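Hi everyone, thanks for coming. Let me bring up the structure and walk you through two parts of it.

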Amino acid sequence: MSSDNPSTSPSASLSDSTGSTAVETLEHAADEPAADRLPAPEPAANPRGDLALVLSGGGARAAYQVGLLRSLARRLPDLSFQIITGVSAGAINASLLASRTGTLAAAADDLTQLWSQLHAEQVFRADGGSLLRHVVGWGMRLVSGGTRFGPRLRGLVDTAPLDALLHRVLDPGPDGVLRGIRHNLESGRLKAAAMTTLNYATGQTVTWVEGRQIEGWERSNRRSAACRLTVDHVMASAALPLFFPAIRLGRDWHGDGGVRLAAPLSPAVHLGARRILAVSTRYRRTTEEEERPETYGYPPPAQILGHLMKAVFLDVVDEDVNRMERFNRLLCQLPPEERHGMAPVEVVALRPSVDLGSLAGEYEPKLPGFFRFLTRSLGTRETTSPDFLSLIMFQPDYLRRLIEIGEADADERGDELEALLRAPVPC
C-alpha cells in the first residue's frame, strides 16, 4: 500500500521497550512508575508484536469507523486487537469493542445497530423547550457580567439521553464500570483499553488506562492514569467542548480529549503496540479541492467553527502519521546495533474517500426543527462543506451512509490491509 494512496497510508515509527517514541526516549531516559497491574494469563507471544486500534474523534463522523470494522470482521473473522484506544466519539466505539466478549463480527454488528438507528434526540435533548432554555440561559450569562446572579450552565445542550443510551448499550455494573473489559483482560484476549480526556482544571491531557502489565507515563501536559474504565470516562472523552457539558472524574471536570491531543497515536505506542491501525475521519482533499472556495464573502460562524473543529479533531491523526514516517526513515538508516533498543511501529491509516462535511449538507433538512433553525443561524447553509455540522449530524440516514462509505473504503483496499496486518514489521 503506497503512502500516496488517498485513503490508506502505511508508515512506521520508533519505539523503545517502554513504548516511548524516539524523541521522547532521548528526552526522558528515566524509568517511569508502573501503573496498577492486573494478573492475567499471558497469551501466546506474537512475533509481530501487539496490534492496536486507534479510533479518533469527529462526533457523528465516528460512524465511518464502524464500516471499517464490518469489513475487517468479514475478511478476518478471528482478528482481535490487543490494544484499543479511543478519543472523543471514537471512545464510544472503543469502549464497546473493548468490553464485548464475543467476536469482532458480533461487536461490529452491535456498533452498526447503535449508529444506524441513532437520532439527535438520543444524544442530547433536541426539543425546542430544552434548546431554548439553554440558549436563553447562555444569553443571560453573557450579560450577567460574571455576577453570582448569572445562571450556572454546563454545555449548550443536555446530554442525559446519551448517558442513558450508553448505560443500555455498554451494560456496565452498578457503579458504571465496563465489566467486559476486565473479563477480556483476564482471559488474555486484551492487553489494554484506553480513553483520553482533557482536564479542564489543569489543562492536562489524561489517558485513562485499564490493562495488565502496563507501565504508566508522564510528559509535558499529558499523562496516563490507571483505572477501571466507566461510562463516565466515555462521556467525558466524547464531550465536545462548550457544546456538550463536561463530566466530573474524581475532583476535576473533564471534556473531549482531542482538544490538546497533538499525538493521538502516542497512547498506543506507550502501551506497547508494534502495529497500529488508525482510523481518521478526515477527508484528504485534492489540490484542486483545496483551492476551491467553500464560501464567498465574509465567512459565517459555521465556516470558522468548521476549521477550528477540523484542526482540533480531524487533522492530528494525519500529522502524527507523518511524524512516524519521518522517524521510521531515520531509524531504517541506522544498523540494528546503533538503534539503542528502538524498534519500528508499523502504522496503517485509513481515511474517508468522500468529503463527509459536504455530505452532511445533503442531510441537514432532516435535523429536528428548532435545532436546524439554530444551526442555520450559524450559517451552515452558506458553505459548501459544513464541517461543523458533520460533527453533530446525528441522523440515521447520514450515519448509515458513513458506515457504507467506511466499509467500501476498507473493502477497496482489503487485500492491502490484510497483508499489512499479517506481513513482517519492516526495517
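I'll start with a strand and its neighbours, then turn to a pair of helices.

A quick note: this is a predicted model, where local features need pLDDT of at least 70 and side-chain atom pairs count only at pLDDT 80 or more, while totals for chains, interfaces and linings use all residues. Residues are numbered from 1 along each chain as its sequence is written, and side-chain values use heavy atoms, leaving out hydrogens and water.

Who sits beside β3? Strand β2, residues 50–55, pairs with β3 in the parallel sense over four bridges (pairing takes at least two DSSP bridges). There, G86 is the bridge partner of L55. Strand β4, residues 192–199, also runs parallel to β3, joined by five bridges, and T196 in β4 partners V87.

Now the helices. α13 (residues 356–363) and α16 (residues 396–412) pack at about 145 degrees, on a 0 to 180 scale between N-to-C directions, with axes fitted to C-alpha atoms over the stretch in contact and 10 Å apart. In α13, L356, L359, A360 and Y363 meet D397, Y398, R401, L402 and I405 of α16 (heavy atoms within 4.5 Å).
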